[in-house]
Amino acid sequence: MPWVKEEDCIKCKICVNVCPVENAIYLKEDGYPYINNNICTRCGLCMEKCPRNAIRPNFENPALRGFGRGRGGGRMGGGFGKNRIW
Ligand code: SF4
Ligand code: SF4
C-alpha cells in the first residue's frame, strides 16, 4: 500500500492526475496528496509518475514500523497518526 512522503512531495499533483481510480488519491487541505487505501488498487501509476519519488511503498512507512513494536506503547507510539494508512 503506497503512502505519500510529504518531505519529498512538491505538490505538483501529477499523482492525482494520473490515478485511474477516482478519489483513490486526492489533495488534502494542506496541498499534499493522500491515498485512500480502501479504494486504491495499487496499480503503481502514481509511484511511477511522481517526479520526486515521494510515493513510497508501505514497508517504508515509519508509522507502520512504529506499530510493529506493539500496541502503541513504544517510543514511536504517538505523533505519526496523520500518516497512518490503515
Ligand atoms: S496506486 Fe494507482 S490506484 Fe492507487 S493511488 Fe496510485 S495511481 Fe491511484
Ligand atoms: S506526484 Fe509526487 S511530488 Fe507530485 S504531488 Fe504527487 S506525491 Fe507530490
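I'll start with ligand 2. The residues around ligand 2 are C9, I10, K11, C12, K13, I14, C15, P33, C50, P51, A54 and I55. Sorted by class, that shell holds ten nonpolar residues, two charged ones and no polar ones. Before going further, note that this is a predicted model.

Now the overall layout. The chain has three helices and four strands. Read from the N terminus, the order of elements is β-α-β-β-α-β-α. The chain has 86 residues, and 33% of them are buried. As for contacts, take those between residues at least 6 apart in sequence: 53% of them join residues at least 24 apart.

K11 and K13 are both listed around ligand 2. K11 is found in the loop between β1, residues 3-4, and α1. K13 lies in the loop between β1 and α1 as well.

On accessibility, K11 has a relative accessible area of 36%, so it counts as partly exposed. K13 is at 42%, and it is therefore partly exposed too. K11 has one further feature: its charged end sits over the ring of Y32, 4.5 Å from the ring centre.

Y32 brings me to the core. Which residues make up the largest nonpolar core? There are twelve: V4, C9, C15, A24, I25, Y32, I35, C40, C46, C50, A54 and I55. In soluble globular proteins, nonpolar side chains tend to be buried together.

Leaving aside neighbours within four places in sequence, I35 is in contact with P2, W3, V4, A24, I25, C40 and I55.

Next, aromatic pairs. How many does a search of the whole structure find? One. Y26 and Y34 form it, with 5.9 Å centre to centre and 55 degrees between the planes, and the pair is tilted. Y26 is partly exposed because its relative accessible area is 34%. Y34 is at 22%, so it also counts as partly exposed.

P20 is found in the loop between α1, residues 14-18, and β2, residues 25-27. Is P20 buried or exposed? Exposed, because its relative accessible area is 56%. Setting aside neighbours within four places in sequence, P20 is in contact with C43 and L45. P20 and L45 are 25 residues apart in sequence, with 8.3 Å from C-alpha to C-alpha.

The other position is N61, in the loop between β4, residues 55-56, and α3, residues 62-67. Is N61 buried or exposed? Its relative accessible area is 0%, so N61 is buried. N61 and P2 are 59 residues apart in sequence, and their C-alpha atoms are 8.7 Å apart in space.

Notes: Residues numbered from 1 in each chain as written. Chains lettered and ligands numbered in written order. Predicted model: local features only at pLDDT ≥ 70, side-chain atom pairs only at ≥ 80, totals over all residues. Heavy atoms only, no water. Core = buried A, V, L, I, M, F, W, Y, C linked by side-chain atoms within 4.5 Å. Buried < 20%, exposed > 50% of the residue type's maximum accessible area, 1.4 Å probe, protein only. Contact = heavy atoms within 4.5 Å. Near = heavy atom within 4 Å. Nonpolar A, V, L, I, M, F, W, Y, C, P; charged D, E, K, R; others polar. Phe/Tyr/Trp six-rings, centres within 6.5 Å; stacked < 30°, edge-to-face > 60°. Lys NZ or Arg CZ within 6 Å of the ring centre and 35° of its normal. Helix = DSSP H or I, 4+ residues; strand = E, 2+ residues; numbered from the N terminus.
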